[in-house]
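This report goes through a single protein chain, from its helices to a few of its residues. Keep the sequence and the 3D view at hand while reading.

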Amino acid sequence: MRKAIAARSINKIHEFEPLSVVNLALAFARLGDLDGPLWAAISSGAIYKMSEFSVQGLGNIAWSLATICFSHDPLMTALAPESIRRITEMGTQTLVNTAWAFAKV
């Protein structure tokens with residue numbers, strides 16, 4: 001099932017709503033799934049939808065990448081200024097998760 005979801009998601013990621021991109025990342029990070037093509041697609045989808053993410057979504061994407069130790073420089077490069085721009089909107093947990101993610105990846 002996991003492989004089927006990953007394969008279908010790779011082809012459809014740019015059609016996902018922003019929350020769906022974040023939820024997919026969270027799900028596969030919690031599973032410890034290291035499918036490189038899926039994470040490349042999630043990263044691409046996150047960059048594409050980033051301006052529509054909630055601040056929690058920004059933190060969750062960063063947390064997901066750090067949890068599986070997946071480094072995607074273009075995504076982290078895009079996340080940094082967006083996170084800084086919206087830092088005053090972040091609650092404590094999102095702020096801590098984001099800081100941890102940037103320290104780990």
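Buried means under 20% relative accessible area, exposed means over 50%, and partly exposed lies in between, with a 1.4 Å probe and protein chains only. Helices are DSSP runs of H or I with at least four residues, numbered from the N terminus. The model is predicted, so local features need pLDDT of at least 70 and side-chain atom pairs count only at pLDDT 80 or more, while totals for chains, interfaces and linings use all residues. Residues are numbered from 1 along each chain as its sequence is written, and side-chain values use heavy atoms, with hydrogens and water left out.

**Helix α6**

Helix α6 covers residues 92–104. The expected span of a helix is 1.5 Å times one less than its number of residues. For the 13 residues of α6 this gives 18 Å, and the end C-alpha atoms are 18 Å apart, which agrees. Which residues of α6 are buried? They are Thr94, Asn97, Thr98 and Ala101. These residues lie on the same side of α6 because they cover an arc of only 100° around the axis, where the arc is that of the directions from the helix axis to the C-beta atoms. Thr92 and Ala103 are exposed, on the face of α6 turned away from its buried side. The buried residues of α6 pack against α4 (55–67) and α5 (73–85); contact here means heavy atoms within 4.5 Å.

Helix α5 has 13 residues and reaches 19 Å from its first C-alpha to its last, close to the 18 Å expected at 1.5 Å a residue. Its buried residues are Leu75, Met76, Leu79, Glu82 and Ser83. The cover over the buried residues of α5 includes α3, α4 and α6.

Two helix pairs are described next. Axes are lines fitted to C-alpha atoms, for helices over the stretch in contact, and angles run from 0 to 180 degrees between N-to-C directions. At the pairing of α4 and α5, the axes are 11 Å apart and the angle is about 145°. This crossing of α4 and α5 is left-handed, a term for a near helix turned anticlockwise from the far one by less than a right angle (right-handed if clockwise). From α4, Leu58, Ile61, Ala62 and Leu65 meet Leu75, Met76, Leu79, Glu82 and Ser83 of α5.

**Helices α1 and α3**

The axes of α1 (residues 2–12) and α3 come within 9 Å and cross at roughly 35°. This crossing is left-handed too. Ala6, Ser9 and Ile10 of α1 meet Pro37, Leu38 and Ala41 of α3.

**The nonpolar core**

A nonpolar core is a set of buried Ala, Val, Leu, Ile, Met, Phe, Trp, Tyr and Cys residues joined through side-chain atoms within 4.5 Å. In soluble globular proteins, nonpolar side chains tend to be buried together. The largest core here has 28 residues, and Trp39, Ile61 and Leu79 touch the most other members. Helices α2 (18–31), α3, α4 and α5 each supply at least two residues of this core. The largest share, 7 residues, comes from α2.

Leaving out residues up to four places away in sequence, Trp39 touches Ala25, Phe28, Ala29, Asp33, Leu34, Ser64, Leu65, Ile68 and Phe70. Is Ser64 buried or exposed? Serine 64 is buried, with a relative accessible area of 0%. It sits in helix α4. Apart from neighbours within four places in sequence, Ser64 is in contact with Ala25, Leu26, Ala29 and Trp39.

**Residues with more accessible area**

| Residue | Relative accessible area | Class |
|---|---|---|
| Serine 44 | 33% | partly exposed |
| Glutamate 89 | 46% | partly exposed |
| Arginine 8 | 54% | exposed |
| Cysteine 69 | 56% | exposed |

Serine 44 belongs to helix α3 (residues 36–49). Glutamate 89 is in the loop between α5 and α6. Arginine 8 lies in helix α1.

Cysteine 69 is in the loop between α4 and α5. Most residues other than glycine have a negative phi. Cysteine 69 is not a glycine, yet has a positive phi of about 60°.
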